[in-house]
Amino acid sequence: MKQTVQELVALYQSNLFAAAFNVCKNAQDAEDIVQDTFIRYYTLNKEFDNEQHIRAWLLRVAINKAKNANHTFWRRNKLSIEDYMETLTFETPQSENLFETVMKLPEKYRIVIHLYYYEDYSVREIADILRLSESNVKVRLSRGRSLLKEALKEEWDDDK
């Protein structure tokens with residue numbers, strides 16, 4: 001199965017951007033990564049099993065490219081998380097606060113939490129995408145949740 005790039009852009013552009021930004025925390029890099037990911041798909045001569053396989057492959061490529069972008073010389077010229085937050089709109093102040101807290105997590109926890117809660121992937125699918133064991137994904141989810149709980153509890157206690 002091979003879908004056209006136009007169809008995939010319409011379906012997954014925002015998801016890939018969110019995943020890439022989640023790793024590199026830079027809007028311009030994330031846009032470039034999404035574009036590079038679709039170019040890679042277009043030039044790839046591979047048949048996929050189904051649409052889920054394509055989506056998982058696209059996410060894996062975007063995440064890997066974002067990780068690679070973090071190691072480049074140009075990372076010094078990145079957009080800060082505060083500048084990016086100003087461009088986003090949230091339904092409630094709580095959802096904005098949650099997003100900010102998630103973005104402050106270490107990368108390995110932030111990625112699995114993003115894929116699990118925002119992209120609705122199962123533990124098994126995340127393990128396949130990130131090439132980790134299922135138990136490792138579960139540990140990262142658990143530790144990420146604990147860090148989130150701790151951070152949100154501190155903010156809640158500060159508001160009292």
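I looked up the neighbours of Leu132, leaving out residues up to four places away in sequence, and found that Leu132 touches Ala127, Val137 and Arg140; contact here means heavy atoms within 4.5 Å. Leu132 sits in the loop between H7 and helix H8 (134–159). Helices (H or I, at least four residues) are DSSP runs, numbered from the N terminus. At 24% relative accessibility, Leu132 counts as partly exposed. The cut-offs I used are under 20% relative accessible area for buried, over 50% for exposed and partly exposed in between, with a 1.4 Å probe and protein chains only.

A note on the source: this is a predicted model, in which local features need pLDDT of at least 70 and side-chain atom pairs count only at pLDDT 80 or more, while totals for chains, interfaces and linings use all residues. Residues are numbered from 1 along each chain as its sequence is written, and side-chain values use heavy atoms, with hydrogens and water left out.

Next I checked helix H7 (residues 123–130), whose buried residues are Val123, Ile126, Ala127, Ile129 and Leu130. Seen down the axis of H7, these buried residues fall within an arc of 165°, so they line one face of the helix. The arc is that of the directions from the helix axis to the C-beta atoms. Just after H7, I noted that Arg131 takes a positive phi of about 55°.

I then turned to helix pairs. Helix H1 (residues 5–24) packs with helix H6 (residues 107–118) at an angle of about 165°, and their axes are 9 Å apart. Axes are lines fitted to C-alpha atoms, for helices over the stretch in contact, and angles run from 0 to 180 degrees between N-to-C directions. H1 and H6 are therefore roughly antiparallel to each other (angles under 35 degrees count as roughly parallel, over 145 as roughly antiparallel, 65 to 115 as roughly perpendicular and the rest as oblique). On the H1 side I listed Asn15, Ala18, Ala19, Asn22 and Val23, which meet Glu107, Arg110, Ile111 and His114 in H6.

The last pair was helix H2 (residues 27–43) and helix H3 (residues 51–69), whose axes come within 9 Å and cross at roughly 130°. That makes H2 oblique to H3. From H2, Ile33, Asp36, Thr37, Phe38, Arg40 and Tyr41 meet residues of H3, including Trp57, Leu58 and Val61.

Note on methods. Helices (H or I, at least four residues) and strands (E, at least two) are DSSP runs, numbered from the N terminus.
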